[in-house]
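Keep the sequence and the model open as you read.

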Amino acid sequence: MPVHPLQRDAESAPFFDAAAEGRLLIRRDRTTGALISPTEQTGPDGSADLEWVPAAGSGTITSWAVVHDKPDADGRTNPLVVAIVELAEGPWLRAQIVRTAPDEVRTGMAVTVEFEQPAGGEAIPVFAPG
């Protein structure tokens, strides 16, 4: 099942520009130095003084679920594995897990970032075993 398209706005433009180049960015709170997910709008202290910083792109699965779409004419579904990945830097990121069967996904599994660009959308991070 392909990833769904996302659209950029002014705030997310640096993230999507980096993703198009195959780089994962996360955010750092300039006040505390805390590293946070790219989706967060404020740091742990409530500060909105954030900057984009590169992430290694590796992590482990902390939780995951399998989502099935509607059955096709033959009754088959296309399972999609969605997970919370704890990045090596510490922040958690929600993402799709690719290139592995749903029954092979495990909590604690090491994953690395890849990027997919769905039609009509931006390049986005997905994770694969490794």
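Q: In the hairpin of E5 and E6, which residue takes a positive phi?
A: This is a predicted model. The hairpin has four residues between its strands. A positive phi near 115° belongs to Gly 90.

Q: How many bridges pair strand E5 with strand E6, and in which sense?
A: Strand E5 covers residues 80–87, and strand E6 covers residues 92–97. Their pairing is antiparallel. The number of bridges is six.

Q: What is the bridge partner of Ile 84 in E6?
A: E5 spans residues 80–87, and E6 spans 92–97. For Ile 84, the partner in E6 is Arg 94.

Q: Which element supplies the largest share of the largest nonpolar core?
A: This core has 22 residues, and among those touching the most other members are Leu 24, Val 85, Leu 87 and Phe 127. Helix H1 (13–20), strand E1 (25–29), E5, E6, E7 and E8 each give at least two residues to this core. The largest share is four residues, and the element is E5.

Q: Which phenylalanines does Leu 24 contact, leaving aside neighbours within four places in sequence?
A: Leu 24 is one of the core residues that touch the most other members. Its contacts beyond four places include Val 53, Leu 87, Leu 93 and Val 113.

Q: Is Glu 122 buried or exposed?
A: Glu 122 sits in the loop between strand E7 (110–116) and strand E8 (124–129). Its relative accessible area is 15%. The cut-off for burial is under 20%, so Glu 122 counts as buried.

Q: Which side chain makes a polar contact with the side chain of Glu 122?
A: Beyond four places in sequence, Glu 122 touches Leu 6, Gln 7, Arg 8, Phe 16, Glu 116 and Gln 117. A polar contact of 2.9 Å joins the side chain of Glu 122 to that of Arg 8.

Q: Which backbone nitrogen does the side chain of Ser 47 reach?
A: Ser 47 lies in the loop between strand E2 (35–36) and strand E3 (50–54). Ser 47 counts as buried, at 15% relative accessibility. At 3.0 Å, its side chain reaches the backbone nitrogen of Asp 49.

Q: What percentage of residues 52–116 is strand?
A: UniProt, in an unreviewed entry, lists residues 52–116 as "domain: ChsH2 C-terminal OB-fold". The end C-alpha atoms of this stretch are 20 Å apart.

Technical notes. Residues are numbered from 1 along each chain as its sequence is written. This is a predicted model: local features need pLDDT of at least 70, side-chain atom pairs count only at pLDDT 80 or more; totals for chains, interfaces and linings use all residues. Side-chain values use heavy atoms; hydrogens and water are left out. Buried means under 20% relative accessible area, exposed over 50%, partly exposed in between (1.4 Å probe, protein chains only). A polar contact is a pair of N or O atoms within 3.5 Å; within protein, one must be able to donate a hydrogen and the other to accept it, and residues adjacent in sequence count only if both atoms are side-chain atoms. Contact means heavy atoms within 4.5 Å. UniProt positions are given in the numbering used here, feature names are shortened, and annotations may be inferred rather than shown by experiment. Two strands pair if DSSP finds at least two bridges between them. A nonpolar core is a set of buried Ala, Val, Leu, Ile, Met, Phe, Trp, Tyr and Cys residues joined through side-chain atoms within 4.5 Å.
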